Amino acid sequence: MKARGWYSGLVLSMAAALMGGVAQAETSATAGVTAAQLVERAPIHWVSIAQIEKSLEGVPPMNVGFDIDDTVLYSSPGFYRGIQIYGDHFSSNPEFWQLMNNGWDAYSIPKEVGRELIAMHLRRHDHIYFITARAASQTETVTNLLQKTFNIPASEMHPVIFTGIRPGENTKTPWLGKLNIKLYYGDADSDIEAAQAVHGRGIRVLRASNSTYVPHPQAGALGEEVIVGSDH
């Protein structure tokens, strides 16, 4: 009987330990966080699309601008292909831009934040402009792709503006001023700086963590609003 009692006690102890381990695992699981929650812990000015829309109540229709790459489109597949074919200096090769601006965006993935923002501004009857630092090419199909992808009425679609890049100059700033852009969305520091330079409202869209556009900027470092969950 003594041996049986010892065995029973061992079984009970093992069962208790097992249940304790399960309970501990469940506790650990419920105490976890998602990647999005980790991102949102940064002490910066986070905003949601609903909050942006709320802040525009009573504001008459205005001119609104969008960057393209990593803002409304995840276009890294095309840029990655450009690196493979033309090397690290692909962006200075006109052949790359002719291909990128005329078909390679078929492999770009529309960002959900872009869909929601554009839909919101269309409801407000704002005038939407796409202003990108891509180099201009002889022809382009980007305008048509964006119009169809984001369901923008053809009558309200403006041709994409390709500013190109010039060292030491923010090529977007003159265009934002010329078009009287009051609100501009972008993922790069230069996007926010261009908006601030013309006294506009620059709002940061997060760049996807696996974007080919590196290094990644420090979102919120310029005092701008940053859209929660806008990396996709």
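Within strand 7 (181-186), Tyr-185 is the bridge partner of Phe-66. Strands here are DSSP runs of E with at least two residues, and helices are runs of H or I with at least four, both numbered from the N terminus. Strand 2 (63-66) and strand 7 run parallel and are joined by 4 bridges. The model is predicted: local features need pLDDT of at least 70, side-chain atom pairs count only at pLDDT 80 or more, and totals for chains, interfaces and linings use all residues. Residues are numbered from 1 along each chain as its sequence is written, and side-chain values use heavy atoms, with hydrogens and water left out.

The chain holds 9 helices and 9 strands. Of its 232 residues, 39% are buried. Buried means under 20% relative accessible area, exposed means over 50%, and partly exposed lies in between, with a 1.4 Å probe and protein chains only. The accessible surface comes to about 12,900 Å², and carbon and sulfur atoms account for 59% of it. These areas come from the Shrake-Rupley method with a 1.4 Å probe; for residues, only the protein chains shown count as cover.

Two strands count as paired if DSSP finds at least two bridges between them.

Nonpolar side chains tend to be buried together in soluble globular proteins. In this model, the largest nonpolar core has 29 residues. Such a core is a set of buried Ala, Val, Leu, Ile, Met, Phe, Trp, Tyr and Cys residues joined through side-chain atoms within 4.5 Å. Phe-130, Leu-146, Tyr-185 and Ile-227 have the most contacts inside the largest core. Two or more residues each come from helix 3 (49-55), strand 2, helix 6 (112-123), strand 5 (127-132), helix 7 (142-149) and strand 7. Helix 6 gives the largest share, 5 residues. A second, separate core has 9 residues, including Tyr-129, Leu-179, Ile-181 and Ala-194.

Tyr-185 again draws attention here. Leaving aside residues up to four places away in sequence, Tyr-185 touches residues that include Ile-52, Val-64, Phe-66, Leu-117, Met-120, Ile-203 and Ile-227.

In helix 7, Val-142, Thr-143, Leu-146, Gln-147 and Thr-149 are buried. These residues pack against strand 3 (73-74), strand 4 (109-110), helix 6, strand 5 and strand 6. In helix 4 (76-86), the buried residues are Ser-76, Gly-78, Phe-79 and Gly-82. They lie on the same side of helix 4, because their arc around the axis is only 160 degrees. The arc is that of the directions from the helix axis to the C-beta atoms. Strand 3 and helix 5 (94-100) are among the elements that cover them. Gly-87 follows helix 4 and has a positive phi, near 80 degrees.

Several backbone features stand out. Most residues other than glycine have a negative phi, and most peptide bonds are trans. His-125 is not a glycine, yet its phi is positive, about 65 degrees. His-125 sits in the loop between helix 6 and strand 5 and is exposed, with a relative accessible area of 57%. Asn-151 also is not a glycine and has a positive phi, about 55 degrees. Asn-151 lies in the loop between helix 7 and strand 6 (161-162), and is exposed at 60% relative accessibility. The peptide bond from Val-214 to Pro-215 is cis, with omega near 0 degrees. Pro-215 is in the loop between strand 8 (201-204) and strand 9 (225-227).

Ser-230 lies in the segment after strand 9. Ser-230 is buried, at 0% relative accessibility. A polar atom of the Ser-230 side chain lies 2.7 Å from the backbone oxygen of Ile-227. Beyond residues up to four places away in sequence, Ser-230 touches Lys-111, Val-113, Arg-204, Val-205 and Leu-206.

How values were computed: Contact means heavy atoms within 4.5 Å. A polar contact is a pair of N or O atoms within 3.5 Å; within protein, one must be able to donate a hydrogen and the other to accept it, and residues adjacent in sequence count only if both atoms are side-chain atoms.
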